[in-house]
Amino acid sequence: MKKIFFIVEKSLLQHKLSTVITILSVALATALVMSVFSIRDQAETAFTGGPAGFDAVLGARGSQLQLVLNTVFHLETSPGNIPWSEYTAIKNNENVELAIPYAVGDNYKGYRLVGTTPELFDKFEYTKGKTFEFQKSGKVFNPYLREAVVGSYVAQKTGLKKGSTFNAYHGLYFNKNDRHRKKYEVTGVLKPTNSPSDRVIWVPINQFYMTEGHVLRGGGKEYEAYVHHDPRDIPDVHKEVSAVMLKLKNPASGFKLASSINREGKASTLAWPIGAVLAGLFEKIGWVTKILTLVAYIVIAVAAGSILASIYNTMNERRREFAILRVLGAKRGTVFSSVVIEAVTISFIGTIIGFVFYFILISLASFIIRKQTGVVLDILSIHPVLIITPFVMILLGAVAGIIPAYKAYKTEVASSLSPNN
Amino acid sequence: MANNLPLLKVEKLKRTFISPDGESNLILDIPTFKIRAGEHIGIQGNSGSGKTTFLNLLAGILNADSGSIAFDSRELTLLSESERDVLRAKSIGYIFQTFNLLQGYTALENVTLAMMFAGKPDKKYAFKLLENVGLGNRMDYKPAQLSVDQQQRVALARALANRPKIVLADEPTGNLDYRRARQAVKLIKELCIVNGASLIFVSHDLDVLDDFDTVLDFTILNRAFTS
Ligand SMILES: Nc1ncnc2c1ncn2[C@@H]1O[C@H](COP(=O)(O)OP(=O)(O)OP(=O)(O)O)[C@@H](O)[C@H]1O
Ligand SMILES: [Mg+2]
């Protein structure tokens, strides 16, 4: 065995350039395949399982997916508003454990202001057993004052900290001409949650009803906000919310609620269960994954082919070397194995380097996804593809080695040694 | 050190080749040939007279059509291929005319690799062999960095790597000038004596074989050779 590895090592070193190129092609192929499958599944898990914290979202009539993206991930636009009365009704529904209203429509430098109630900070668990925590001496906003709580990512990016004041801007996307006048004061910065909440500025929902330019249509007629100095003076009938985030008593409650709300003719939609709604998104983009999968398989096949080609190409020049080995007493089997093991070594080293490339790729993907959505991938989790791909690649390497190995096995010793050869 | 029992005994050895136009040509027909342990025999013969074919048959890298090759009390023609491989690794050193060496390996590695096929590599002994052929300071050179003469000396060291019972040398001096050829012959003979190895040394040039007590004319030895 030792002599075989010695022969393999020498041969790989003798054809350095083609060895390196082939190893790189194997590395890229394994990395690509592992990344395609791993990132897809990591993303799906992270989006559908992780960051919700809520069981359902009640919002305006429309797409459940849009509702979830808008409220859970703070992406996309809001499908519209629903009257305050819907919020109070669902809050008092026997199936509902926790109902927290959200209002959206303003931003600060592109980071969304979400109007809500202080319950979000003491009753809501963003993942099992964890409620929002403040950094240093931060505290919740007073629901009747123009105060704000800042997500960790926003704080990091904008420099907002406890005691800072800022102006909100109208709309979900930043435009410096749409500045609202009255300033918010920051009462605290949240600790990182590794969820989309890190990218949000939380303000009292009441302040949305007191911002100039906002129009309240909760009562059917238009009602100009900013006419009162104390939010408690605004009649509930005029108020509206963008969505109500719900924690339900049990799974059966979701079913009951959904069947009564998601009926023809109703003005609102219940997005439930949130995981299933998001899974629908992944189903919609399934064709992308299919194409990527196909590309991945092709790339693997090309890599295996490149192993075959790179070794096969050297077979003619190596005919004499094999003959010399045989004269020195190497058995046919030894010559055969040395070529197969050469191929396996190439795919083995390629696979190892592939892991390095894979971690670079998935870290990059994770970084981008986090930057865009706040969702964090668990890049260190072991996906089965991380075991299967190297295994398959090494197996394919061995198979690719068999053809040239057979040629080496068949080397005619005497005639290959002739000086004319 | 030479005794009277033959180390190698060839009888009625025949080999035909199919020519490119499909004709079957008897190339080799050796009624009898013997060499004792430790004996040195020079073989002279015209180009194309079948000398290389003969050595290839003795080394077991070519199969005979008929006849017998008894080597060290074993019948070579009855051994399986892999048994012959083992025998060759352990007992036969082969030096050929050109391109003897593995290009990717240093002088030292060429020698130690040969040792691997016979069992354990003995680096010290490999050093010693290379020193004996005057390449003590060229151990880590690759063939391309050595002169033809030096390459032949590495091939000699390699042929002796496993303390073979016989060394087959197929015109190892063919590419050397006369003076160097004579020196090479002396060195090969000397080292075969030190190692107690028999030597069959083939050359078409009779002058090179001056140092051999026994020189056979291959055109007579080989009955198949005409003209
Ligand atoms: N594989 C082969 N197929 C057909 N003919 C062959 C083959 N090998 C050798 N021959 C023929 O056998 C004859 C003897 O060849 P061989 O190489 O043994 O001669 P040689 O005495 O070693 O010659 P040289 O001195 O030139 O090395 C030549 O005529 C050659 O053409
Ligand atoms: Mg010859």
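Helices (H or I, at least four residues) and strands (E, at least two) are DSSP runs, numbered from the N terminus. The model is a predicted one, so local features need pLDDT of at least 70 and side-chain atom pairs count only at pLDDT 80 or more, while totals for chains, interfaces and linings use all residues. Residues are numbered from 1 along each chain as its sequence is written, chains are lettered from A and ligands numbered from 1 in the order in which they are written, and side-chain values use heavy atoms, with hydrogens and water left out.

A few spots in the backbone stand out. A:His74 sits in the loop between helix 3 (64-71) and strand 2 (82-83) of chain A. Its phi is near 55 degrees, which is positive even though A:His74 is not a glycine. With a relative accessible area of 10%, A:His74 is buried (buried means under 20% relative accessible area, exposed over 50%, partly exposed in between, using a 1.4 Å probe and protein chains only). Elsewhere in chain A, a cis peptide bond joins A:Trp272 and A:Pro273, with omega at about -15 degrees. A:Pro273 belongs to the loop between strand 15 (268-271) and helix 9 (274-284) of chain A.

Next comes a pair of helices. Helix 2 (residues 16-48) and helix 10 (residues 286-327) of chain A have axes that come within 9 Å and cross at roughly 160 degrees (axes are lines fitted to C-alpha atoms, for helices over the stretch in contact, and angles run from 0 to 180 degrees between N-to-C directions). The two helices of chain A are therefore roughly antiparallel to each other (angles under 35 degrees count as roughly parallel, over 145 as roughly antiparallel, 65 to 115 as roughly perpendicular and the rest as oblique). Among the residues making the contact are A:Val26, A:Leu32 and A:Phe37 of helix 2 and A:Leu292, A:Tyr297 and A:Ile300 of helix 10 (contact means heavy atoms within 4.5 Å).

Then there are the charges. Over all chains, the count comes to 19 salt bridges, each being a side-chain nitrogen of Lys or Arg within 4 Å of a carboxyl oxygen of Asp or Glu. One of them pairs A:Glu342 with A:Arg318, whose closest N and O atoms are 2.8 Å apart. A:Glu342 lies in helix 11 (residues 332-373) and A:Arg318 in helix 10 of chain A, so this pair ties together parts that are 24 residues apart in sequence. Both A:Glu342 and A:Arg318 are buried.

Another salt bridge joins B:Asp85 and A:Arg326, at 3.3 Å from N to O. This pair crosses between chains, running from helix 2 (residues 81-91) of chain B to helix 10 of chain A. B:Asp85 is buried at 2% relative accessible area, and A:Arg326 is buried too, at 4%. Both belong to a network of salt bridges that also links A:Arg332, B:Glu81 and B:Arg88.

In chain B, B:Lys165 forms a salt bridge with B:Asp72, their closest N and O atoms being 2.8 Å apart. The two residues are 93 residues apart, and the pair links distant parts of the chain. B:Lys165 is partly exposed at 36% relative accessibility, and B:Asp72 is partly exposed at 29%. B:Asp72 also has a positive phi of about 55 degrees although it is not a glycine.
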